[in-house]
Amino acid sequence: MTESLDVLTSLVAGGGVVVLSGAGLSTESGIPDYRGPSGVARRHTPMTFQAFTRDPLARRRYWARSHLGWRLIAGAAPNAGHRAVAGLQRAGLVDAVITQNVDGLHGAAGSTSVIELHGRLDEVTCLDCGNLTSREELDRRLREANPDFVAQVAAVNPDGDVDLPDEQVAAFRPVDCGICGTGMLKPDVVFFGETVPPQRVARCFALVEQARSLVVLGSSLTVMSGRRFVIRAAKRGIPVAIVNQGPTRGDGYATVCVDAPLGALLPELAVRVAGKAATAVAPVGV
């Protein structure tokens, strides 16, 4: 792995890096991945936008499970990997972060210029009036509406959804928009069957095309939502580095692939990059 790490170090030390992160970066914060070594196997189909908006029973099932899962996501803290990315950004080497995660941990670690491709779980939107509120406010209202709701969480998923028996879901009461009174509330995230806002995608493409390198962190690149940026970078001749545990669907486009836990590798990378920069500016003979 030493040779691959040397190549990765050189790419990052050159600056102009755009990071594309996935669920694998948050596993060490206690949020499981679907496909990595610590991944969880879903026992139910992910909620689709169509089912959520058309089926009141499906909507209640989602909110019952997400109400519990949100508490676990909200309690998560940035790990060493998130902090290393923020440090590289403060050093002027990382220009922007495109994340497929909805946990908000990049921002909590101090990163700026973060584009949350799939939205964020800590915000809730009304599909009728468009009002945007905090998840904390919704959590308070749901607790008030369900004072006797007690359920045992079997497993939490990266999107804040949890596995919950149907008999426990049946006792849950969702709420409508607190502003317009009747509007349908939805977490401000992109569901399956829903498209990422075109202007957000365009901004990501623009960042990738201006980058000196694209560094993928903790993503299997299974879905096109993230893989398209790897493909675009490769087509433009922009070097792509992939750091992930296990193979990805973008490996064929990569200049270098490093298979390692991000919480350990990224702090080491930051140290190596700092040493490389110090060497580059050292006076001759020193």
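How many Å should the 13 residues of helix H8 (residues 198-210) span?

1. Helix H8 should span 18 Å at 1.5 Å a residue, and its end C-alpha atoms are 18 Å apart, which agrees. The expected span is 1.5 Å times one less than the number of residues. Helices (H or I, at least four residues) and strands (E, at least two) are DSSP runs numbered from the N terminus.

2. Basis of the note. This is a predicted model, in which local features need pLDDT of at least 70, side-chain atom pairs count only at pLDDT 80 or more, and totals for chains, interfaces and linings use all residues. Residues are numbered from 1 along each chain as its sequence is written, and side-chain values use heavy atoms, leaving out hydrogens and water.

3. Val201, Cys204, Phe205 and Val208 are buried (under 20% relative accessible area; exposed is over 50%, partly exposed in between; 1.4 Å probe, protein chains only). They cover an arc of only 100 degrees around the axis, which puts them on the same side of H8. The arc is taken from the directions from helix axis to C-beta atoms. Gln199 and Gln210 are exposed on the other side.

4. Packing of H8. Its buried residues pack against strands E2 (94-99), E3 (114-116) and E7 (213-217), and against helix H9 (224-235). Contact means heavy atoms within 4.5 Å.

5. Strand E6 (residues 185-189). Four of its five residues are buried, so E6 is largely enclosed by the rest of the structure. Four bridges join it antiparallel to E4 (residues 119-126). Pairing requires at least two DSSP bridges.

6. Leucine 221. Its phi is positive, near 55 degrees, and it is not a glycine. It sits in the loop between E7 and H9. Leucine 221 is buried, at 1% relative accessible area.
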